[in-house]
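Here is a short briefing to read alongside the model. Please keep the sequence and the 3D view open as you go.

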Amino acid sequence: MSPAAESTGVSAKAGAFDTASLFVADKAASAEAANTVATLAKKEGVEFFGAIKLNEALVQALNDNKNPATREAACAAISTICEQGAGQLLEPYIISSDANAPFSILLETFADKEKAVKDAAIAAVKAIVQVMNPWATAVILPAILEQVKTAGKWQVKTGCLEVLQQLITSAPNQVGQATQDLISILAGAVRDTKWDVRKAVKVTLECATKLVDNKDIEQLIPALIKSLLNPIEELPKTITLLSATTFISEVTAPAMSLIAPLLVRGLDHPSAAVKRKVCVIADNMSKLVDSEYTVRPFLPQLLPRLIKMGETMGDPEACLICNRAVATLRRIGRVPEGSDGTNLPPLKIAEGPHITTNLVALVKTNGGAIVEQVNPALAYAGVLAASLVNAHNFDQDTWQDELVPYMELALPGVNSLLAVGKLLQKKADEAERGHVKYPDEEEGEDLCNIEHFDLASSTRLLLYNANIRLKRGHHYGLCGRNGLDKSAFLSALGDAQLINSRSNLAVRTFYVQQDVDESMSILDSVLLDKRLQASEQEIRRNLQSVGLNVVLQSHSVGSLSAENKMRLGLARAVLSKADIILLDEPTNHLDVLNVDWVVNYLTSLTTCTSIIVSHDSDFLNRTITDVLYLNNFKLNRYPGGLHAFAREVPAVRGFLRL
């Protein structure tokens, strides 16, 4: 059945349901009607709520100032629909930042004169927050925070603070990305004239600080909260504690949002000693900020003050530290020389309607049928995708898990996975544009130089529209966050035909792995390997050169220790006359001396190239000439070792364990 025909069927069945039954004074009857509407929606699909005009009915009932029973029933109906398993079908209708939509009106209802109505409204919003997709946080959080900041009625503020506590629990990662606004507004609300609000703010602030995952400041959080609540008395003491802290953990948005306001206040403090300590903190902390997106919101306040400090302080050592912090913040925040960070162009924000348009086009391109009026679930999928893009999250599994269920609600029977995958590729491609790339015009022989290269394993996309350029004699460390299946990348590259079919060169690759019959002798396993291009004499000589003497060569492969198996694998790679050797965790189970041997052996290979995956940062730093960074389906090269790479891409410090 076509989507248009399905829509007609839903409309016909919707005509049999009267939304007025949801709002009758008899609570048992209204509860039964809410259960019925939830059951019908689960049976008929996401368009059912639109067909019965549920949003319009809820708005009318919530605005019925003469009848508190109607308002309470409207709130209760929302809670029941969520509790009865139809929340996912309700989300596309109820999650909205529109001031005239049910969600915004529910927030205002927190100040209802009738306690039963107020409690029902808070329960309804908390029910929505509990069942909604966490990536919808970006839609509703601004409305909640605005009420905390500006609401004229204290009951609205306390209700919103209670919802915030639930949201922090239900969507911690998504709220964590918005902690700049959250902490700022909570810090302002602690001085509210109403004691009930101040009390609720303190509880919410304590909940919010649980989002901070930085072990360096974990013990200082109570002091940080005190400074936010009572900056005049507590600030100097907290700055002293922070200046004595050794920062070794990645600084993410929650930690930055908690500390940056204190640094700004410290730079405005009359005490020169406090200012010097702030410079030390800024220098130590800024080196560990995870990305430009974390630091950018704070640069307009931090950077001008630090620049002024560096120009006016009489203490040469303090000036040096201050200028060092300025240089680090410039680099991480991508602030041009000469700018003080106050005139940076705004970061590009993805919009739900625009992405929905992209989705519709991709569905049509891939054979899906779409009715003229976009299904609410499809529009909502666009909103969620926009949140993922704005969070710079291009994880393939996350996109599939979070978007496909809503696509399937909108378009049952259509292969939504393909459209979501294409959208992910498009947005990841756009995100990579403008990033600093190192030129590959170095001297040396090209082993391959391929543009617009796609690569996939059996389960996931690895590269899309990527460029690969490898030089002979270079040793590349392949890096990327956990979960990217770097081993699958090596395995795919092990098929030289993938490279040769896109290149004018005949490249030989060798993936070092335990793929031989362990019952065979070492010598026989090498002699019978058809990939190797060497005489028996050369094979024997090469095996001896890696420490596998004549006696060992007669032993079975299965009897070898871990280090000797690695030596055998490297010998086979060299004997295959490989141009590119691929190694996956080559130092696993090796002691220090054998790791040293692998380092020396690989760095001595000047005529072939290696690509290495390893969790051993020290080993990589001693071996590699370049880093290949697998990110957003691209492969970007960074010259030098891991520390140089981490200076350019701070976000990688976490998984590199530097």
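In this predicted model, helices H12 and H13 are oblique to each other, because their axes cross at roughly 140° and an angle has to be over 145 degrees to count as roughly antiparallel. To find the pair, look for residues 195-209, which form H12, and residues 221-229, which form H13.

**How the two helices pack**
- The axes of H12 and H13 come within 11 Å.
- The crossing in which H12 passes H13 is right-handed.
- On the H12 side, the contact is made by Lys202, Leu205, Glu206 and Thr209.
- On the H13 side, the residues they meet are Ile221, Ile225, Leu228 and Leu229.
- Sorted by class, the residues in this contact are 5 nonpolar, 1 polar and 2 charged.

**The chain around them**
- Stepping back, you will find 33 helices and 8 strands in the chain.
- The C-alpha trace spans about 100 × 75 × 45 Å along its principal axes.
- If you take contacts between residues at least 6 apart in sequence, 70% of them join residues at least 24 apart.

**Burial and surface**
- How much of the chain counts as buried? The share is 54% of its 658 residues.
- The chain has an accessible surface of about 29,100 Å².
- Carbon and sulfur atoms account for 50% of that accessible surface.

Note on methods:
Residues are numbered from 1 along each chain as its sequence is written. This is a predicted model: local features need pLDDT of at least 70, side-chain atom pairs count only at pLDDT 80 or more; totals for chains, interfaces and linings use all residues. Side-chain values use heavy atoms; hydrogens and water are left out. Axes are lines fitted to C-alpha atoms, for helices over the stretch in contact, and angles run from 0 to 180 degrees between N-to-C directions. Helices (H or I, at least four residues) and strands (E, at least two) are DSSP runs, numbered from the N terminus. Angles under 35 degrees count as roughly parallel, over 145 as roughly antiparallel, 65 to 115 as roughly perpendicular and the rest as oblique. A crossing is left-handed if the near helix is turned anticlockwise from the far one by less than a right angle, and right-handed if clockwise. Contact means heavy atoms within 4.5 Å. Ala, Val, Leu, Ile, Met, Phe, Trp, Tyr, Cys and Pro count as nonpolar, Asp, Glu, Lys and Arg as charged, and the others, Gly among them, as polar. Buried means under 20% relative accessible area, exposed over 50%, partly exposed in between (1.4 Å probe, protein chains only). Accessible areas come from the Shrake-Rupley method with a 1.4 Å probe; for residues, only the protein chains shown count as cover.
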